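Subject: Structure handover and notes

Hello,

Here is the structure for you to open. My notes follow below it.

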Amino acid sequence: MKELLVRSISGLVLGIVMLFCVCFSPWTCAALLLFVVGVGTFEMARLQQMNTIPYLVVGELFTIAAYVVASLVALGVLGQKWLLLEIPFFTLPFVFALFSSQRDAKHIFAYVYGALLYLSLPCALMLFMYRKECFGDLARPGLIVLVFCLLWTNDIFAYLTGRLLGKHKLFERISPGKTIEGSLGGLLFTVIAVAIFSHYADWLPYAAAIGSGIIAVVFGTLGDLCESMLKRQAGVKDSGKLIPGHGGILDRFDSVLFSVPFIFVYLLLL
């Protein structure tokens with residue numbers, strides 16, 4: 001009971017902070033996501049057993065620099081041509097691995113590319129959701145809030161449905177607690193919730209709402225499973241201890257980080 005109370009309070013505080021940062025200004029949102037990238041990279045290093053000083057410093061520099069460049073483009077400080085600077089970030093790990101005598105290249109690639117693609121890219125894409133050039137009338141803080149709310153709704157109702165009706169394991173080898181019934185319940189209630197929201201929010205068409213809801217649930221669940229896989233391989237229960245009752249940044253943001261690129265592409269094409 002005490003653990004549930006701690007988890008609920010810390011989750012509520014985290015939610016309030018996130019909503020404030022997203023809605024107050026793109027710059028406060030960018031600062032929040034910079035924190036996510038920095039701490040998340042540290043946790044990724046821990047999961048990949050790469051948390052010695054040289055590897056940690058280089059990994060942090062790569063991911064933070066990649067995020068900062070993309071975020072400044074998203075915020076309109078830099079022109080879009082500056083996105084070309086992102087290309088070297090995906091080649092430099094090879095050079096780093098070449099001169100490393102302590103770690104295999106596969107460990108370095110898993111750490112650096114994991115942080116770049118799993119942290120920097122999704123966080124930067126969220127900032128582009130403020131830009132009308134990309135999303136037209138959909139571009140607003142509410143679009144980012146919608147992404148978080150979709151995944152929170154799925155988490156809550158997947159848990160409740162799983163507890164009440166769950167009998168068949170979804171992916172027992174990775175996450176014994178997840179059930180097929182819970183996942184279907186999360187999907188159903190998320191789609192219902194976002195359809196109701198779309199009915200009252202005239203800026204969000206049904207196609208964008210329902211499609212985003214389905215994508216968020218499917219890829220958010222995959223993101224959660226992938227992070228569970230990394231933790232199992234590392235032999236740890238949580239990616240960190242930053243958030244009481246929840247674990248680390250990756251534990252709390254795994255589904256968001258994994259699903260954002262897919263939602264981004266869907267809405268952009270729509």
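First, a word on charge counting: Lys and Arg count as positive and Asp and Glu as negative, while His and the chain ends are not counted. The place of a charge is taken as NZ of Lys, CZ of Arg, CG of Asp or CD of Glu. On that basis the chain carries 19 positive and 16 negative side chains. The centres of the two sets are 4 Å apart.

Some ground rules. This is a predicted model, where local features need pLDDT of at least 70, side-chain atom pairs count only at pLDDT 80 or more, and totals for chains, interfaces and linings use all residues. Residues are numbered from 1 along each chain as its sequence is written, and side-chain values use heavy atoms, with hydrogens and water left out.

**Overall build**

The chain has 11 helices and 2 strands. Both types are DSSP runs numbered from the N terminus: helices are H or I with at least four residues, strands are E with at least two. Read from the N terminus, the order is α-α-α-α-α-α-α-α-β-β-α-α-α.

The C-alpha trace spans about 55 × 45 × 30 Å along its principal axes.

Of the 270 residues, 48% count as buried. Buried means under 20% relative accessible area, exposed means over 50%, and partly exposed is in between (1.4 Å probe, protein chains only). The accessible surface comes to about 13,800 Å². Carbon and sulfur atoms account for 71% of that surface. These areas come from the Shrake-Rupley method with a 1.4 Å probe, and for residues only the protein chains shown count as cover.

Contact means heavy atoms within 4.5 Å. Among contacts with a separation of 6 or more, 68% join residues 24 or more positions apart.

**Aromatic pairs**

A pair of aromatic rings is described by the distance of the centres and the angle of the planes. Rings of Phe, Tyr and Trp (its six-membered ring) pair if their centres lie within 6.5 Å; planes under 30 degrees apart count as stacked, over 60 as edge-to-face and the rest as tilted.

The structure holds 13 aromatic pairs. One of them is Phe 148 with Phe 253: the centres are 6.3 Å apart and the planes stand at 85 degrees, so the pair is edge-to-face. Phe 148 lies in helix H8 (residues 141-165) and Phe 253 in helix H11, so the pair ties together parts that are 105 residues apart in sequence. Phe 148 counts as buried at 4% relative accessibility. Phe 253 is buried too, at 3%.

Phe 157 and Phe 189 make a stacked pair, 4.6 Å centre to centre with 15 degrees between the planes. Phe 157 is in helix H8 and Phe 189 in helix H9 (residues 180-200), so this pair ties together parts that are 32 residues apart in sequence. Phe 157 is partly exposed at 29%. Phe 189 is partly exposed at 35%.

Phe 90, Phe 94, Phe 109 and Tyr 113 form one aromatic cluster.

**Individual residues**

The contacts below leave out neighbours within four places in sequence.

- Ser 255 is in helix H11 (residues 249-269). It is buried at 5% relative accessibility. It touches Leu 151, Asp 155 and Gly 220.
- Thr 41 is in helix H2. It is buried, with a relative accessible area of 0%. Its contacts are Gly 59, Glu 60, Thr 63, Tyr 111, Ala 115 and Leu 119. Its C-alpha atom is 18 Å from that of Ser 259, 218 residues away along the chain.
- Gln 48 is in the loop between helix H2 (26-47) and helix H3 (53-74). It counts as buried at 13%. It contacts Ala 110, Tyr 111 and Leu 230.
- Leu 270 is in the segment after H11. It is exposed at 55% relative accessibility. It contacts Ala 207 and Ala 208. Leu 270 and Phe 219 are 51 residues apart in sequence and 18 Å apart in space, C-alpha to C-alpha.

Best regards
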